[in-house]
Amino acid sequence: MIKGIGLDIIEIERIHQLRIRQQRFPEKILSEKELESYKGIKESRKSEYLAGRFAAKEAFSKALGTGIGKELSLQEMVIMVDDRGKPYFKKPIEKGVHLSITHSKQYAAAQVVIESV
């Protein structure tokens with residue numbers, strides 16, 4: 001049974017501008033594990049990576065029904081990738097959470113479905 005569905009889309013350029021203006025912006029969005037991955041990717045893909053993770057976390061908070069803030073912070077959500085490159089939530093919930101992240105030249109979008117387990 002589906003407990004919640006969340007969807008989010010964001011302009012990559014908007015994230016890029018924030019990243020350029022605020023050097024600590026990635027630390028506001030990413031968990032420590034995600035920051036490790038972020039530091040290892042090419043400069044040309046960093047804004048895309050951040051936008052995708054931001055959209056995924058927004059979509060997760062919508063599916064959970066809490067939003068981001070009081071009950072759930074961006075750093076509490078941890079997104080990893082499996083051996084095939086598929087992203088998944090490691091925290092705060094791993095089981096029963098389905099995640100899809102997509103990018104175009106201008107946008108990053110994510111969809112999350114949370115099942116009752």
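Biologist: Let's start with aspartate 8: buried or exposed?

Modeller: Go by relative accessible area: buried means under 20%, exposed over 50%, and partly exposed is in between (1.4 Å probe, protein chains only). Aspartate 8 comes out at 11% relative accessibility, so this residue counts as buried. Keep in mind that this is a predicted model, where local features need pLDDT of at least 70, side-chain atom pairs count only at pLDDT 80 or more, and totals for chains, interfaces and linings use all residues. Residues are numbered from 1 along each chain as its sequence is written, and side-chain values use heavy atoms, with hydrogens and water left out.

Biologist: Fine. Where does aspartate 8 sit in the secondary structure?

Modeller: Helices (H or I, at least four residues) and strands (E, at least two) are DSSP runs, numbered from the N terminus. On that basis aspartate 8 belongs to strand 1, residues 2-11.

Biologist: And which residues is aspartate 8 in contact with?

Modeller: Contact means heavy atoms within 4.5 Å. Skip the neighbours within four places in sequence, and aspartate 8 is in contact with Ala55, Glu58, Ala59, Lys62, Ala108, Ala109 and Ala110. Take alanine 59: it is 51 residues along the chain from aspartate 8, yet their C-alpha atoms are separated by 5.2 Å.

Biologist: Which residue has a side chain joined to that of aspartate 8 by a polar contact?

Modeller: A polar contact is a pair of N or O atoms within 3.5 Å; within protein, one must be able to donate a hydrogen and the other to accept it, and residues adjacent in sequence count only if both atoms are side-chain atoms. Here the partner is lysine 62, at 2.9 Å.

Biologist: Let's move to arginine 24. Where is arginine 24 found?

Modeller: Look in the loop between helix 1 (12-21) and helix 2 (25-29). Arginine 24 has a relative accessible area of 59%, so it is exposed. Its side chain makes a polar contact of 2.9 Å with that of glutamate 27.

Biologist: What joins lysine 91 and proline 92?

Modeller: First the general idea: most peptide bonds are trans. The bond between lysine 91 and proline 92 is cis, with omega about 5°. Proline 92 lies in the loop between strand 3 (87-91) and strand 4 (97-103).

Biologist: What does glutamate 76 touch?

Modeller: Not counting residues up to four places away in sequence, glutamate 76 touches Glu71 as well as Lys91 and Pro92. Glutamate 76 itself is in the loop between helix 4 (46-64) and strand 2 (78-81), and is partly exposed at 40% relative accessible area. A polar atom of its side chain lies 2.6 Å from the backbone nitrogen of serine 73.

Biologist: How about proline 87: buried or exposed?

Modeller: Proline 87 is buried, with a relative accessible area of 16%. This proline is in strand 3 and touches Ile79, Met80, Val81, Leu99 and Ile101, leaving out residues up to four places away in sequence.

Biologist: Now zoom out. What pattern does the chain follow along the sequence?

Modeller: The chain reads β-α-α-α-α-β-β-β-β. Its radius of gyration is 13 Å, close to the 13 Å that the globule rule gives for 117 residues, so the chain is as compact as a globular protein of that length. That radius is taken over C-alpha atoms, and the rule is 2.2 Å times the number of residues to the power 0.38. Buried residues make up 42% of the 117.

Biologist: And how much of the contacts comes from residues 24 or more positions apart?

Modeller: Those pairs account for 56% of the contacts with a separation of 6 or more.
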